[in-house]
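Here are some exercises to work through with the model open beside you. Try each task before you read its solution.

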Amino acid sequence: MKPIFVVSDNIFSPLGATTTENFSRLKNGISGVRRHNRLDMADQAFYAALFDPIDPAGRITPGAAPPGFTKFEQLLLASISGALQTGGIDPIDPNDPRTILILSTTKGNISLLETGVADPARLALHTSARLIAGHFHFAHPPIVISNACISGILALVTAMRLIRSGRYDTAVVAGADTISRFVLSGFGSFQAISAGPCRPFDQSRDGINLGEGAGTVILSGHEKYRGNLRLRGGAVSNDANHISGPSRTGEELCQVINKSLEDAGCKAEDIGFLSAHGTATVYNDEMEALAITLANLQSVPVNSLKGYYGHTLGAAGLIESIVTLQSMREDLVLPSLGFKENGVTMPLNICSSLLHTPLDSCLKTASGFGGCNAAVVMSK
């Protein structure tokens with residue numbers, strides 16, 4: 001099967017503007033989650049990973065984006081630019097007809113509803129996608145992936161399949177989401193927001209923190225990248241389990257894990273590290289623990305990055321996959337921030353301190369509303 005190589009990547013988040021900056025702060029235990037008093041978002045203080053207030057012209061980084069781009073679109077511009085600039089001595093040409101842009105998000109410009117935007121078309125995801133593609137002069141119309149919290153990983157799997165099929169040689173995969181009153185109130189209606197910093201898989205976990213950010217991964221089937229890390233396999237499912245609640249058995253996520261391992265041509269014992277979805281809600285973490293155990297991965301080091309980034313929604317699968325790639329480059333597993341005592345029924349190997357270990361193949365999983373699940377295998 002055609003190998004898929006990682007050309008470059010970027011994380012643009014409250015922790016930094018590059019993957020290197022982000023990983024450096026993660027290694028030092030620095031979290032982007034903090035207490036906010038933002039009356040434009042909520043009537044009470046809340047914990048989240050947010051960018052500092054933007055400048056008066058509406059730009060996250062002054063001068064970094066043309067006028068008229070929303071905060072959500074600026075995040076995509078910043079992250080894609082960062083990935084294109086770190087692509088090596090042979091830069092990726094977006095205008096190449098063999099290159100495709102894939103964007104993942106769950107909320108897009110939904111915050112414009114709060115500003116009384118006059119043009120409903122400005123809310124549409126394809127409107128933002130066309131603006132981003134036009135800015136970088138991509139030769140083809142972009143593909144938009146929006147499937148709850150698996151959007152980022154589904155975008156990677158989609159890119160992998162398109163390259164394998166021979167339709168494209170290269171894919172620029174980017175995802176972003178921002179937090180607004182609409183988003184916060186939605187999760188608040190489920191009583192899913194933690195009163196403090198979230199604690200994935202911990203006995204005292206009580207809900208999520210939200211976060212905003214963007215991530216970009218450039219993938220290619222060109223043999224000239226053979227020395228790079230690989231996206232080796234992946235799988236997705238939509239099980240119609242429940243409109244918002246996770247499975248009570250974990251069987252569906254387990255099936256996706258097994259299918260991704262099969263697609264990658266490897267076995268459970270080949271996986272050196274698992275980056276879980278780990279939202280810190282009572283039921284999600286329990287479901288993942290069951291699935292991981294059913295897949296015979298309970299002894300593999302596991303972490304969740306939600307304690308550092310919060311839940312970045314449509315960007316989560318990409319940001320956390322990029323951190324996994326960097327973990328492989330440095331043979332280093334990050335601790336699951338906030339974890340102290342096992343709070344799930346299965347005895348998982350939750351990483352609670354920096355772990356130096358050889359990482360040849362790693363697994364990233366995600367699950368979301370509606371019973372959707374996804375997983376990808378990355379290898380050296």
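A residue is buried when its relative accessible area is under 20%, exposed when it is over 50%, and partly exposed in between (1.4 Å probe, protein chains only). Helices (H or I, at least four residues) and strands (E, at least two) are DSSP runs numbered from the N terminus. The model is predicted, so local features need pLDDT of at least 70 and side-chain atom pairs count only at pLDDT 80 or more, while totals for chains, interfaces and linings use all residues. Residues are numbered from 1 along each chain as its sequence is written, and side-chain values use heavy atoms, without hydrogens and water.

**Exercise 1. Work out how far helix α2 is enclosed, and by what.**

Step 1: Check the length. The expected span is 1.5 Å times one less than the number of residues.

Step 2: Look at burial. Since 11 of the 15 residues are buried, α2 is largely enclosed by the rest of the structure. Among the buried ones are Phe72, Leu75, Leu76, Ile80 and Leu84.

Step 3: Find the neighbours. Taking contact as heavy atoms within 4.5 Å, the buried residues of α2 pack against β1, β4, α3, β6 and β8.

**Exercise 2. Describe helix α7 and what follows it.**

Step 1: α7 (residues 282–294) reaches 19 Å from its first C-alpha to its last, close to the 18 Å expected for 13 residues.

Step 2: Its buried residues include Asp285, Glu286, Met287 and Glu288. The buried residues pack against α6, β10, β15 and β16.

Step 3: After α7 comes asparagine 296, with a positive phi near 60°.

**Exercise 3. Classify the crossing of α4 and α9.**

Step 1: The axes of α4 (residues 151–164) and α9 (residues 316–330) come within 5 Å and cross at roughly 70°.

Step 2: Angles of 65 to 115 degrees count as roughly perpendicular, under 35 as roughly parallel, over 145 as roughly antiparallel and the rest as oblique. So α4 is roughly perpendicular to α9.

Step 3: Gly152, Ile153 and Leu156 of α4 meet Gly317, Leu318 and Ser321 of α9.

**Exercise 4. How many disulfides are there?**

Step 1: Apply the rule that a disulfide is a pair of cysteine sulfur atoms within 2.5 Å. The count is 0.

Step 2: Cysteine 266 has its closest cysteine sulfur, in cysteine 362, 10 Å away, too far for a bond. Cysteine 266 is buried, at 9% relative accessible area.

Key. Axes fitted to C-alpha atoms, helices over the stretch in contact; angles between N-to-C directions.
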